[in-house]
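Let's take a friendly walk through a structure, one feature at a time. Have the sequence and the 3D view ready.

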Amino acid sequence: MIEAFEILFTASFWVAAIRIASPLIFATMGELICERAGVLNLGIEGIMVVGAFAGWLTVYMGGDLWFGVAVAALAGAAFGLLHATLTVPLGLSQHVVGIGITLLATSLTYFTYRIVLPEVTSPPRIEPFQPLPVPLLSDIPVVGPALFNQTPLTYLAFATVAVVAWVLYRTPLGLAVRAAGENPSAVEAQGISVNAVRMGAVMVGSALMAIGGAFLTMSAFNSFFFEMINGRGWICIALVVFGSWRPGKALLGAILFAAFDAYQVRLQQLTGGVVPYQLFLMMPFVLSILALVVMSRRAAYPKALMIPYQKGER
Amino acid sequence: MRLEAKPAPTLAVTLLFPLGAVVVTVVLSSLLVLAAGASPFSVFGLVVKGAAGSPFALVETLTRATPLIFTGLAVAVAFRAKLWNIGAEAQLYAGAVITVVLGTGALPLPALVLIPLLMIVSMVAGGLLLLGPAILKTRFGVDEVVTTLLLNFIMLLFVSMLLEGVLKDPMGLGWPQSQRVVAEARLPRLVQGWRLHAGFLIAVLAAVAVWVVMKKTTLGYEMRAVGQNAEAARFAGIPVNGVLMKTAFLSGGLAALAGFSEVAGLKGNLTLDLSPGFGYTGIVVAMLAMLNPLGVVLAAIFVAGIFVGADAMSRTAGVPSYIAEVMVATALLTMVVAIMLTRFRVRWR
């Protein structure tokens, strides 16, 4: 019992928690941007698969790590463009299109994997991002290794939250994005195209989701394998609701969630196989549903979420 | 650009659009075949041959279509009422689990009693599983897409736990698989020596039954009314939440029948790979059928043909069989565009 409590004070636990949080932070910010502009992006799961593969493949083919991240982001944005074209100007069901994008992105990735690597039994590896300790700060006990001895991509994840929050709340662009999700006709009244804002938001958001996927193959692990996203995208959708569509709160939610995930892995080792391991693996998904239910009463959905906009219509 | 509503299309036009979607899908996937270094003509020739080129191939396609008819119906029923059930995969496994729990010797009953009983209990299990997200939707406003998706993962882990625990076959050489169901619980083969089983007939009957419910009953009318405009339906005195509950129960039950029929008709036992995504493919089937229950049968056979044909093709032509998944996903997206084009005219200005 004491041991279960002591885990919380070990540096390795918090290092793992922040590492697990990083891809979730990218993807949650991506989904948050889309939803703030009024578009639910259920392509997230498939776009993360694409990002994971595209980034990894670029490096495997001899590209630079940061070039790999850029390629992943571009691939994500491309699927974002497809999603946005179908849902924004054409106004198709965001549910059906999102699921379709996830199915398409996932199957295209697997198809391409088989074309590029027809005869491999074990997935080939790349040299992933290495931890980059921040001088002095990384020497602080527990907090130091957790926050200041991570890979550059983790630092980028935290920076992304700051940038997204700043753009959303402190710039005219952010105002336009938020208004597109709350009161689209007000945006149009300013002479700004609602559909352009929404399409841009979906593309940028999808690029972030793809970087989240790339984190897994280029920082957390060093190879690509099937089923590696394993529902992380869906969890991020729950995290956006949990964070009430606010970047800071969503960040907190992602870290809390990741800490829980890191904790259950350690608890699993502690219980020594008495409790079926599947129960532990279920916890993230159960927790996501619980979070949705608990937050539902206070959930302030963007008012125009999932409502296509037609100029001059009320 | 603007979208303008246009008058309801004639039946002929309506049927032309899915055809158009399929043609676009084939053209787009030809590009992938070219990228794989093969000739689209020979590859698609092999796909067609593998799906329908011989009596054996055709029977194999119908066998594969059986679970897709059930999951396609489940999605069609739910989507018609705008209940976004993406959890057919989990409901399928709920039906399969119940079939194995009660069908491996727990109930000493003759086949004529046992099989209908297993079907009913499976449907109840699947129906109850979807009631959860439906209640969360109506009571708390929680999006059912996310909850049903998350439940798929929970259910698969739950099945894995059962197969390594209480349901594990002691004679299974350590594999995570259940015992086989008793002979009285097995659905008979339709043709001796072939894999096609009575589940296919049940699926077709289910499609007809769902068609009757949707077109000829008050419930069907209410479901369509709720799907078209929940506010207006409520104003007209339709108990919207009650209708959504009934829809959820029916939809979950239909998906569970897929699990029942795969265990009782085809596999005989439960494993973790019972369904290679039949629940998700059901969404494509339902959309290709434009949510028409009878169309679901045709769409399921078509989609099953792609999968069976692509499997056969990849063995000889060397193009990865994932081309089938790509084609099915592309068909889903082209189909939603096609459906929109039957209702709206796009004006560029």
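What do the buried residues of H7(A) pack against? They pack against helix H2 (11-36), H10 and helix H12 (247-271) of chain A. Helices here are DSSP runs of H or I with at least four residues, and strands are runs of E with at least two, numbered from the N terminus.

Helix H7 covers residues 152-170 of chain A, 19 residues in total, and reaches 26 Å from its first C-alpha to its last, close to the 27 Å expected at 1.5 Å a residue. That expected span is 1.5 Å times one less than the number of residues. Buried in H7(A) are Leu153(A), Thr154(A), Ala157(A), Thr160(A), Val161(A) and Val164(A). Seen down the axis of H7(A), the buried residues fall within an arc of 110°, so they line one face of the helix; the arc is that of the directions from the helix axis to the C-beta atoms. On the other side, Ala159(A), Ala162(A), Trp166(A) and Arg170(A) are exposed. A residue is buried if 20 or more other C-beta atoms lie within 10 Å of its own, exposed if 12 or fewer, and partly exposed in between, with C-beta atoms placed from the backbone.

## About the model

This is a predicted model, in which local features need pLDDT of at least 70 and side-chain atom pairs count only at pLDDT 80 or more, while totals for chains, interfaces and linings use all residues. Residues are numbered from 1 along each chain as its sequence is written, and chains are lettered from A and ligands numbered from 1 in the order in which they are written.

## Chain A as a whole

Chain A has 13 helices and zero strands. Of its 314 residues, 53% are buried. The C-alpha atoms of chain A fill a box of roughly 60 × 50 × 40 Å along the principal axes.

## Where the chains touch

The contact takes 37 residues from chain A and 39 residues from chain B; two residues are in contact if their C-beta atoms, placed from the backbone, lie within 7 Å. On the side of chain A that touches chain B, H5(A) gives the most, with 13 residues.

## The core

The largest nonpolar core has 230 residues, and Ala210(A) and Leu73(B) are among those with the most contacts inside it. Such a core is a set of buried Ala, Val, Leu, Ile, Met, Phe, Trp, Tyr and Cys residues joined through C-beta atoms within 7 Å. Helix H10 (residues 194-220) of chain A gives the largest share of this core, 16 residues.
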